[in-house]
Amino acid sequence: MSRPRHILPGFRLSLGFTITYLSLIVLFPLSMLVWKATSGGWEHMLATLTQARVISSLKLSFGTAFAAALVNGLFGLITAWALERYAFPGRRLLDAMVDLPFALPTAVAGIALVTLYAPNGWIGAWLAQHDIKAAYAPLGITIALTFVGFPFVVRTLQPVIADLSMDVEEAAACLGANRWQTLTRIVFPALLPSTLAGMTLAFGRAVGEYGSVVFISGNLPFKTEIAPLLITMRLEEYDYSGAATIGVVMLAASFTILVLSNLLAQWSRKRTGMR
């Protein structure tokens, strides 16, 4: 029997090129990060990770990223549903605007958010009248992380919603289910895996965000200082081992997030019947 023909000839050559490219671009640099973190000794790593300032920055980064992921999960689901299920004027323009956080430089986004949410900004002035501080506070960091992570949830959900058959919803309505019952028992369970996958991607993107946050956070130690900023400060102090140690923690968290995202994507494909 003849062996099946493939578009790309030479499995061994293709696999070898893939492994070599992946090693040069991803694996070797990341392994050097781990090596640099351990170059100062395990005692230095432990001393760095147990510092109150480092713990505070890590809590702030992960806490605000988690809060932003929850917000994006709710409003990203609503946005994706509206874009896929309804036809209205300006739909294509609105759909294109979802990708703006991908194309916009993060520093530009940070400046725009500060201008908007500062105490003298359009929204910040209104919030100040209600004793709500957005800029230079954890709320401002959450807003910035919500901005950068929003497209991940929408783009993850859109193809799932597009493939979601309306026959099941119509059957539920014919059997007497109201809209709320159809939403909670038919639609939402089918979209839950993809929603969680999109939220995981948004969370992973937000954890390492720097450009859009550094302007609106205020960079106050123990209050609004994020972990990526602390890494930059350690580099400026020539504490390369300490900066790499914090980076290894972020790397481990990012890798865990990607593994969870892949597991959720597989679960989503099984639930929806997609390959």
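What volume does the largest pocket have? I looked this up before anything else, keeping in mind that the model is predicted.

**Entry 1: the largest pocket**

I find a volume of about 450 Å³ for the largest pocket. Its lining consists of 17 residues. I noted the ones nearest the pocket centre, which are Trp81, Tyr86, Glu169, Leu183 and Val187.

Sorted by class, I have eleven nonpolar, two polar and four charged residues in the lining of the largest pocket.

**Entry 2: the cavity**

The volume of the largest cavity is about 30 Å³.

I wrote down the residues that line the largest cavity: Ser61, Leu145, Ala206, Val207, Glu209, Val213, Ile226 and Pro228. By class, six of the lining residues are nonpolar, one is polar and one is charged.

**Entry 3: Ser61**

Ser61 is on the list for the cavity lining, so I looked at this residue on its own. Ser61 sits in helix H3, which spans residues 52-85. Is Ser61 buried or exposed? I record Ser61 as buried, because its relative accessibility is 3% and the cut-off for buried is under 20%.

A polar atom of the Ser61 side chain lies 2.9 Å from the backbone nitrogen of Ala227. Leaving out residues up to four places away in sequence, I find that Ser61 touches Val207, Ile226, Ala227 and Pro228. Val207, Ile226 and Pro228 are also among the residues lining the largest cavity.

**Entry 4: Ser217**

My last stop was another serine, Ser217, in helix H11 (residues 211-217). I list Ser217 as buried too, because its relative accessible area is 0%.

Which side chain does the side chain of Ser217 make a polar contact with? The partner is Asn219, and I have the distance as 2.7 Å. With residues up to four places away in sequence not counted, Ser217 touches Tyr136, Ala137, Ile141 and Thr224.

**Recap**

For Ser61 I keep the 2.9 Å distance to the backbone nitrogen of Ala227, and for Ser217 the 2.7 Å contact with the side chain of Asn219.

Methods:
Residues numbered from 1 in each chain as written. Predicted model: local features only at pLDDT ≥ 70, side-chain atom pairs only at ≥ 80, totals over all residues. Heavy atoms only, no water. Helix = DSSP H or I, 4+ residues; strand = E, 2+ residues; numbered from the N terminus. Buried < 20%, exposed > 50% of the residue type's maximum accessible area, 1.4 Å probe, protein only. Polar contact = N/O pair within 3.5 Å; in protein donor to acceptor, adjacent residues only side chain to side chain. Contact = heavy atoms within 4.5 Å. 1 Å grid on protein atoms, 1.4 Å probe; cavity = no way out; pocket = protein on both sides within 12 Å on 5 of 7 lines; lining within 4 Å. Points joined across faces, edges and corners; volume = space filled by probe spheres on them. Nonpolar A, V, L, I, M, F, W, Y, C, P; charged D, E, K, R; others polar.
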